[in-house]
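Opening the notebook on a new model today.

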Amino acid sequence: MKKVKELKTGSDQRFEFEGIIGRSKEMLKVVNLVKVIAVSPATVLIGGETGTGKELVARAIHASSPRKFRSFIKVDCTALPETLLESELFGYIKGAFTDARYNKPGKFEIADGGTIFLDEIGEIPLSVQAKLLRVLEDHSFEPLGCSKTVHVDIRIIVATNRNLSRAADEGLFRKDLYYRLNIFPILIPPLRERPDDIPVLIDYFMSKLTVLYDKKIRGMDRSAREFLDGYSWPGNVRQLKHAIEYAIISADDGFIRSEHFPRDIAFPGGDETAPVTHQKFSIPDAEKGLIVQALKKNRFNRMKTAHDLRMSRITLWRKMKKYCIT
């Protein structure tokens, strides 16, 4: 079993395990749970607020498991409408519906032998939940329009930012499916409950993003770092990453200061009366800049770009369309 890599020793001990980086006891507990469950084929339910790193934990489980050399298939349950979600998961045969002009395997079939990760499982419609329950119970299903049963050998990991127990009590989520999913729960604490991880993450994101943007950043001043350390981070790790990304783009003299952070962080209460010295970029500008930079780096190869940005090709295409990137 892969050991946790110690990035520093002594009182400032930091760790890295399959992309999970931190220093807090809370995240070390998460890592230990990942190591325990990775060798088992059991279903895992990852809970936590948006932006805490649920997909990262799912990938760590897969990378530490006996299936690590097989496929890891992610499905964003919020990205597709109900009709398309069912065909995306279970596939269909030619003639199953009007536009079904050929046989198409679903994500469960594509993931055969590997791991499938269902992100935001709490948003899946009730009509699809019954079919999903069967897959969990006996790893079999019928593609749309087909009477032949398909059997698959897959590891199922799901994630949600909702309270599924409450949703089940309210009739918004099947109770039998919830109990079947909740075999081995892992709850990722929000960033505000593990402040020891913030300095480690700041250093990590700065080192990665300066390379991505090809910026020569000499450092971050003390007041700016103290500001980041004391912020509550309602958007968790994802928001911290975006804030540093914004600052790296904005810092035109090679040194990050407090005024280089996004306005929603600099003025969390909405008070924008204080002077702001840098107004060149917005959050959408930062995201667009990241996508353009990654596209150029990969010579506009969308598959490689999506992989570098850790998003699906469909998501990349939508964002390119949103920002008019051609």
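**Overall.** I started with the counts: the protein chain has 14 helices and 14 strands. This is a predicted model, so I kept to local features with pLDDT of at least 70. Of the 326 residues in the chain, 45% are buried. I also looked at contacts between residues at least 6 apart in sequence, and 67% of these join residues at least 24 apart.

Next I checked how E2 (residues 14–17) and E3 (residues 20–22) go together: they pair antiparallel, with three bridges. Phe17 sits opposite Ile20 of E3.

**Helix H1.** I ran a length check on H1, residues 25–38. Its 14 residues reach 20 Å from first C-alpha to last, close to the 20 Å expected at 1.5 Å a residue.

**Strand E4.** I then looked up its neighbours. E4 runs parallel to E11 (residues 155–160), and four bridges join them. Ile46 has Ala159 as its bridge partner in E11. E4 also pairs with E12 in the parallel sense, again over four bridges. There, Gly47 is bridged to Leu187.

**Second largest pocket.** E4 turned up again when I went looking for open space. The second largest pocket has a volume of about 210 Å³. Its lining has 16 residues, and those nearest the centre are Leu45, Gly47, Thr160, Arg162 and Leu187. Strand E4 (44–47), helix H6 (164–169) and strand E12 (184–187) each give at least two residues to that lining. So what is the lining made of by residue class? I get seven nonpolar, seven polar and two charged residues.

**Helix H8.** At 1.5 Å a residue, the 16 residues of H8 should span 22 Å, and the end C-alpha atoms are 22 Å apart, which agrees. The buried residues of H8 include Ile198, Val200, Leu201, Phe205, Met206, Leu209 and Leu212. Asp197 and Thr210 are on that buried list too. Just past the end of H8 I noted Asp214, with a positive phi of about 55°.

**Leu85.** Leu85 belongs to helix H3, residues 82–90. Is Leu85 buried or exposed? Its relative accessibility is 0%, which means Leu85 counts as buried. Leaving out residues up to four places away in sequence, I listed what Leu85 touches: Val75, Cys77, Leu80, Ile124 and Pro125. I also took a C-alpha distance from Leu85 to Val128, 43 residues away along the chain, and got 8.2 Å.

Note on methods. Residues are numbered from 1 along each chain as its sequence is written. This is a predicted model: local features need pLDDT of at least 70, side-chain atom pairs count only at pLDDT 80 or more; totals for chains, interfaces and linings use all residues. Side-chain values use heavy atoms; hydrogens and water are left out. Buried means under 20% relative accessible area, exposed over 50%, partly exposed in between (1.4 Å probe, protein chains only). Contact means heavy atoms within 4.5 Å. On a 1 Å grid over the protein atoms alone, a cavity is a set of points where a 1.4 Å probe fits but cannot get out, and a pocket is an open set with protein on both sides within 12 Å along at least five of seven lines; lining residues have an atom within 4 Å of a point. Grid points are joined across faces, edges and corners, and a volume is the space filled by probe spheres set on the points. Ala, Val, Leu, Ile, Met, Phe, Trp, Tyr, Cys and Pro count as nonpolar, Asp, Glu, Lys and Arg as charged, and the others, Gly among them, as polar. Two strands pair if DSSP finds at least two bridges between them. The expected span of a helix is 1.5 Å times one less than its number of residues.
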